[in-house]
Amino acid sequence: MKNKFKEFSDLNKENELLLIGNVWNVQSARVFEQKNFKAIATSSAAVAETLGYADGQGMSFDEYLFIIKRIASSVSIPFSVDMEAGYGISPTEICNNIIMLHELGISGVNIEDSIVIDGKRSIVKAEAFAETLREIVQLLNAGNIKMFINFRSDAFLLGLSDALEDALARVKLYQDTGIHGLFFPCITNIEDIRKITENSRLPVNVMCMPGLPDFNQLKEAAVKRISIGP
């Protein structure tokens, strides 16, 4: 099944903001498609909740894959998947999961730099995760697997005291790994957003949150993509 990689990649680079409809089942995906959204993505938290799990890879990848497959077979617009931390320990395991999604026609994935252990989410070391991303990209390129990798950094979501400085350091590291986009959920200050976009060569994605500037301000600040969220 064709995964619409180029179409999705182009949508992330257009002058007009790409508004992503976040979905959790076939019905929600169809609603966004009927409302003329150009692309959809899963909210892993929302899918997990429907299955009775907490967010943070509590559901198995096989359970998640079943829902993804049903959605993918029910819509025709580009479809991205929130992979959380990748559902694997090694770059090879994460890459194999991405290949399974590619075979279903998935256009892109989100991979995040935080993990949940015993119900507590914490951010991982930037240098180590940058190397993981680089290895994933190399493996995908070796297999000629075209997948839009949107990297999610959780400094703002976790409310780190040095969130902006941490995010800027990660932008510098991550944008040289071969990924395609950067996502900063829970960032809401327009000056922080501008500093991120000014330092990023990649399209920047934010998430709808209370206090987020309006879409005109975000477009002026060079944001390319907005996620509705869970």
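Modeller: Let me begin with a hairpin: strand 5 and strand 6 form it, with two residues between them, and Asp 118 in the turn has a positive phi of about 55 degrees. Please bear in mind that this is a predicted model.

Colleague: How do you know that strand 5 and strand 6 pair, and in which sense?

Modeller: Two strands pair if at least two bridges are found between them. Strand 5 (residues 114–117) and strand 6 (residues 120–123) have four bridges, and the sense is antiparallel. As an example, Ile 117 has Lys 120 in strand 6 as its bridge partner.

Colleague: What holds such strands together in general?

Modeller: Strands of a sheet pair through backbone hydrogen bonds, in either the parallel or the antiparallel sense.

Colleague: Which strands make up the barrel, and in what order?

Modeller: Eight strands close into it in the order 1-2-3-4-7-8-9-10, with parallel pairing. On average, neighbouring strands of this sheet are turned by 25 degrees against each other, direction ignored.

Colleague: What makes strand 4 a partner of strand 3 and of strand 7?

Modeller: The requirement is at least two bridges. Strand 3 (residues 79–82) and strand 4 have three bridges and pair in the parallel sense; here Asp 82 stands opposite Asn 110 in strand 4. Five bridges join strand 4 to strand 7 (residues 148–152), and these two also run parallel. Within that pairing, Glu 112 has Arg 152 in strand 7 as its bridge partner.

Colleague: Why is strand 4 called largely enclosed?

Modeller: A residue is buried when its relative accessible area is under 20%. Five of the five residues of strand 4 (residues 108–112) are buried, so the strand is largely enclosed by the rest of the structure. Both of its faces are covered, with Gly 108, Asn 110 and Glu 112 buried on one side and Val 109 and Ile 111 buried on the other.

Colleague: Why does Leu 11 count as buried?

Modeller: Leu 11 has 8% relative accessibility, and the limit is under 20%; Leu 11 therefore counts as buried. This residue is found in helix 1 (residues 5–11). Setting aside residues up to four places away in sequence, Leu 11 touches Leu 18, Lys 38, Ala 39 and Pro 78.

Colleague: Is Thr 132 buried or exposed?

Modeller: Thr 132 has 18% relative accessibility and therefore counts as buried, the limit being under 20%. Thr 132 belongs to helix 6. Apart from neighbours within four places in sequence, it is in contact with Pro 91 and Ile 94. The C-alpha atoms of Thr 132 and Ile 94 are separated by 9.5 Å, although the two residues are 38 residues apart along the chain.

Colleague: Why is helix 5 called oblique to helix 6?

Modeller: Helix 5 (residues 91–103) and helix 6 pack at an angle of about 50 degrees, with their axes 9 Å apart. Angles under 35 degrees count as roughly parallel and 65 to 115 as roughly perpendicular, so helix 5 is oblique to helix 6. The crossing is right-handed. In the contact, Pro 91, Thr 92, Ile 94, Cys 95, Ile 98 and Ile 99 of helix 5 meet Thr 132, Glu 135, Ile 136, Leu 139 and Leu 140 of helix 6. By class, these residues are eight nonpolar, two polar and one charged.

Colleague: What makes helix 6 and helix 7 roughly parallel?

Modeller: The axes of helix 6 (residues 126–142) and helix 7 (residues 163–174) come within 10 Å and cross at roughly 30 degrees. The limit for the term is under 35 degrees, and the two helices are therefore roughly parallel to each other. Their crossing is right-handed. Ala 126, Glu 127, Phe 129, Ala 130, Leu 133 and Arg 134 of helix 6 meet Arg 170, Leu 173 and Tyr 174 of helix 7. This contact has six nonpolar, no polar and three charged residues.

Colleague: How do you know that helix 4 is roughly parallel to helix 5?

Modeller: The axes of helix 4 (residues 61–72) and helix 5 come within 11 Å and cross at roughly 20 degrees. With the limit at under 35 degrees, helix 4 is therefore roughly parallel to helix 5. Phe 61, Leu 65 and Ile 68 of helix 4 make the contact with Asn 97, Met 100 and Leu 101 of helix 5. Those residues divide into five nonpolar, one polar and no charged.

Definitions and conventions:
Residues numbered from 1 in each chain as written. Predicted model: local features only at pLDDT ≥ 70, side-chain atom pairs only at ≥ 80, totals over all residues. Heavy atoms only, no water. Axes fitted to C-alpha atoms, helices over the stretch in contact; angles between N-to-C directions. Parallel < 35°, antiparallel > 145°, perpendicular 65-115°, else oblique. Left-handed = near helix turned anticlockwise from the far one by under 90°. Contact = heavy atoms within 4.5 Å. Nonpolar A, V, L, I, M, F, W, Y, C, P; charged D, E, K, R; others polar. Buried < 20%, exposed > 50% of the residue type's maximum accessible area, 1.4 Å probe, protein only.
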